[in-house]
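Trainee: I'm new to this one and would like to learn how to read it. Could you show it to me and walk me through a few features?

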Amino acid sequence: MTPVTTASRRGRAAVDPPKVHPPKPSRPGGAKRTARRVERRWALLFATPYLAHLVLLTAWPVLALAYLGFTDYDTVSSPRWTGLDNYTRLLRDEAFWTSLLNTGYFALIFVPLQTVLALALAVGLNQKLRAMPLLRGAYFVPVVSSWVVMAYVADAVFNPRLGSANAVLGWFAIDPLNWLDSPVLVIPTLALIAVWKGAGYMMVLFLAALQAIPQERYEAARVDGAGAWGRFRHITVPGVSGTTFLVLVLSTITTLQAFEQVFVMTGGGPGDASELTVLYMYRQGFEYFHMGYAAAIAWVLFAVILLLTLVQLRLQKRWVHYA
Amino acid sequence: MPIRSTAMPARRTVLRRSAAISVALTMALTATACGESGAGGDGRTTITLGYYAEAGGPADGTMRKLVKEFEKANPTIRVKIESADYDKFHTRLRTQLAGRKAPDVWLSDGVLVQEFAGRGSLRDLSAYAAKLNPDDYLGVDLIKKGDPKGRLFGFPQGAQSTALFYNKKLFAEAGVEEPTADWTYDDLLAAARKLTKDTNSDGKPDVYGFRSYSPSFVESWWPMVKAFGGEVLGEDGKVAIDSPQSRQAFDWMLRTMYEEKVAPDPVTTEALGKSQSLFPSSVVAMQFGIYARIQTANQGKVDFGVAPLPKGPTGERGDLANINAWVINRAAPGARADAAWKWIEYFSGEKPQAAWTDIGEAIPINTKVTRTPAFLSPKTPPADRKVFLDSLASADDLGLNPVWSEYTAAISEAVTAALSKESSVPDALKTGQSDAQSAIDRFRPAG
């Protein structure tokens with residue numbers, strides 16, 4: 001190409017211009033597109049493990065669960081399509097409604113109690129003292145302990161004959177109580193134990209929120225003559241309201257999904273007094289071979305959790321202050 | 001661009017290599033998963049054997065020893081053991097069945113055999129068992145009775161039947177005659193009154209004459225309902241607990257707990273340390289118990305005896321039996337099923353049954369072993385173990401069907417509410433019958 005070009009330059013006026021096709025203008029961005037395409041492929045390759053996990057272990061089970069909710073499936077034979085039968089049976093199933101009521105009762109005690117206790121602990125432990133990390137760690141120990149261990153420890157407290165709770169009642173001449181064996185006391189007792197186990201985690205969340213509140217606000221309030229209660233009410237509570245909202249949502253979801261604790265400690269008893277919804281679902285699926293019915297329960301429970309979370313989200317606009 | 005053009009082939013190579021590795025791994029995994037025939041390269045057949053036992057306990061130790069002896073006697077069979085405690089074993093088994101990964105042969109609680117058979121998970125053992133003399137084994141008929149067509153879906157492993165356990169020391173201290181085969185429910189109540197003691201005068205008994213209530217209903221309300229002439233499941237397969245006879249039985253139980261106060265009520269039972277610890281800790285002087293309770297009573301160092309269950313108003317004792325059984329997975333291929341049956345046959349033999357008898361967990365199902373001194377003249381109480389054999393001979397099954405766990409739970413929940421005085425007996429029986437029958441009606445057999 002180069003000699004031709006030189007010759008043409010030399011004799012451009014005398015001779016017809018040589019038929020030289022100008023080089024095609026390279027498409028701007030074409031190379032970029034190719035590069036992007038290649039990069040997309042690599043990105044897809046690197047994302048494959050996550051996507052496989054998402055599809056196989058999340059999306060597929062969710063879709064399968066949706067399908068199973070409309071079938072009679074005993075886990076051994078093939079599922080049989082039964083339409084809405086499982087859902088209509090749920091409406092008439094007293095045991096299911098009892099389990100839902102038990103779960104609601106459990107949540108009513110557990111959620112506010114844990115939130116208040118966790119905040120109180122966080123405020124108490126938000127001090128610059130040497131022993132603080134140790135104390136914070138001590139409150140966190142139940143969080144990392146298994147429910148089996150917790151059940152043994154709780155038995156030492158609530159055992160009707162040997163437990164320390166009844167020993168304390170004895171000091172005040174109160175008759176011993178059958179904490180976990182009484183249909184009336186079992187849910188409050190379980191809620192107390194759950195608070196004991198869960199408060200440490202929520203306390204850490206509150207601690208982080210407390211430390212994010214600017215100290216200037218407290219100093220200004222002090223200058224204005226605000227007392228300890230006033231500072232707590234008007235600075236601390238609004239200052240941690242975002243975290244309080246998070247704690248409320250997490251605690252509600254945790255309660256509605258509670259299983260291990262009742263499975264290990266009461267098995268749903270006495271009678272059906274502590275049969276929570278997830279335990280009932282487990283029994284239907286894994287003890288009575290009604291996997292289709294258990295799937296329907298799971299969907300209803302999901303709807304309840306979603307509804308409650310949406311309500312909480314709507315209400316938070318009225319009381320949560322984001323700094 | 002140059003950088004990309006020179007780098008790309010290298011990446012393609014990486015890609016190709018990755019793909020090749022993936023394919024190789026997939027093939028390897030598939031090959032591993034396909035090793036289902038059980039026939040290894042050495043010509044041996046490998047079977048998976050599942051059973052429930054406390055890890056490291058006497059039953060687990062004896063079973064493992066017997067498996068080794070079996071392998072020695074059958075060099076062409078290799079046994080892979082899968083064991084866990086009762087709850088864990090059965091939870092895992094249900095998941096394994098769903099994933100088509102259940103053991104080839106497993107020990108099933110007798111009450112669950114029909115649950116698995118009804119869902120098409122078990123192989124009919126009738127053809128295998130036809131080669132054996134049925135008179136040499138106990139419990140075969142009771143297992144067959146559970147199947148509407150009389151097929152044999154499990155072969156007996158060990159038997160449990162009911163008897164009246166009594167604490168000899170407490171009887172002697174109270175000056176009460178020990179129970180006899182002629183005892184009625186009135187005699188039982190009269191003795192319970194004398195045996196109930198408030199030793200520290202706090203207004204509450206420290207020793208109760210009898211344990212009326214137990215969540216283990218085979219040792220509580222079920223035999224009582226039968227003794228009073230009632231039925232839990234009728235011959236037609238329908239729930240029949242809501243009857244005047246059942247009401248009488250439950251009224252008798254309520255009387256022992258709340259009027260006579262000779263038996264702890266359900267809440268007190270739990271508060272005193274759960275129902276199965278009351279007799280071993282001498283908190284109750286008498287209880288209805290299955291054979292396996294001998295172990296716990298001996299662990300409590302109780303000097304005790306056993307007698308036949310008392311007779312009810314109709315003269316019936318209401319004896320019940322549960323036959324724990326070996327079952328073979330229907331999905332096990334022929335060679336593995338045959339090997340599994342060899343294990344069952346071996347375990348039912350005299351030597352393994354004698355070894356199993358030594359643990360004291362179950363009545364041996366080999367009739368020859370039941371006649372040996374090892375069973376009839378044991379070193380530990382109770383001396384008269386023939387009571388359990390007699391009970392087994394006249395016992396009924398526990399109303400077996402494919403939804404046994406569900407329908408009995410429905411009844412149990414309702415009657416426990418009545419026995420805790422949270423509802424009336426007629427209401428509880430009506431609710432229990434209705435809920436239990438619904439569970440049975442909902443079931444659709446496999447296939």
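This is a predicted model: local features need pLDDT of at least 70, side-chain atom pairs count only at pLDDT 80 or more; totals for chains, interfaces and linings use all residues.

Trainee: Okay. Where does Ser282(B) lie, then?

Mentor: Ser282(B) sits in the loop between helix H12 (275-278) and strand E5 (286-290) of chain B. Its phi is near 60 degrees, a positive value in a residue other than glycine.

Trainee: Is Ser282(B) buried, exposed or partly exposed?

Mentor: You count neighbours: 20 or more other C-beta atoms within 10 Å means buried, 12 or fewer means exposed, and in between is partly exposed. Ser282(B) has 18 other C-beta atoms within 10 Å, so it is partly exposed.

Trainee: What about the phi of Arg100(B)?

Mentor: Arg100(B) has a positive phi of about 55 degrees, although it isn't a glycine. You'll find Arg100(B) in the loop between helix H3 (86-98) and strand E3 (105-108) of chain B. Arg100(B) counts as exposed because it has 10 C-beta neighbours inside 10 Å.

Trainee: Which peptide bond in chain B is cis, from Pro381(B) or elsewhere?

Mentor: Look at omega: the bond from Pro381(B) to Pro382(B) is cis, with omega near 0 degrees. Pro382(B) is in the loop between helix H17 (373-376) and helix H18 (386-394) of chain B. Chain A has a case as well: the bond from Gly269(A) to Pro270(A) is cis, with omega near 0 degrees. Pro270(A) lies in the loop between helix H12 (260-265) and helix H13 (277-287) of chain A.

Trainee: Now a helix. What should helix H2 of chain B span?

Mentor: Count 1.5 Å a residue: the 16 residues of H2(B), residues 58-73, should span 22 Å, and the end C-alpha atoms are 22 Å apart, which agrees.

Trainee: Which residues of H2(B) are buried?

Mentor: Ala59(B), Met63(B) and Leu66(B) are buried. Seen down the axis of H2(B), the buried residues fall within an arc of 65 degrees, so they line one face of the helix. On the other side, Lys65(B), Lys68(B) and Lys72(B) are exposed.

Trainee: What do the buried residues of H2(B) pack against?

Mentor: They pack against strand E1 (45-52), helix H14 (334-347) and helix H15 (350-359) of chain B.

Trainee: And how many helices and strands are in chain B?

Mentor: Chain B has 20 helices and seven strands. Of its 447 residues, 48% are buried.

Methods
Residues are numbered from 1 along each chain as its sequence is written. Chains are lettered from A and ligands numbered from 1 in the order in which they are written. Helices (H or I, at least four residues) and strands (E, at least two) are DSSP runs, numbered from the N terminus. The expected span of a helix is 1.5 Å times one less than its number of residues. The arc is that of the directions from the helix axis to the C-beta atoms. Two residues are in contact if their C-beta atoms, placed from the backbone, lie within 7 Å.
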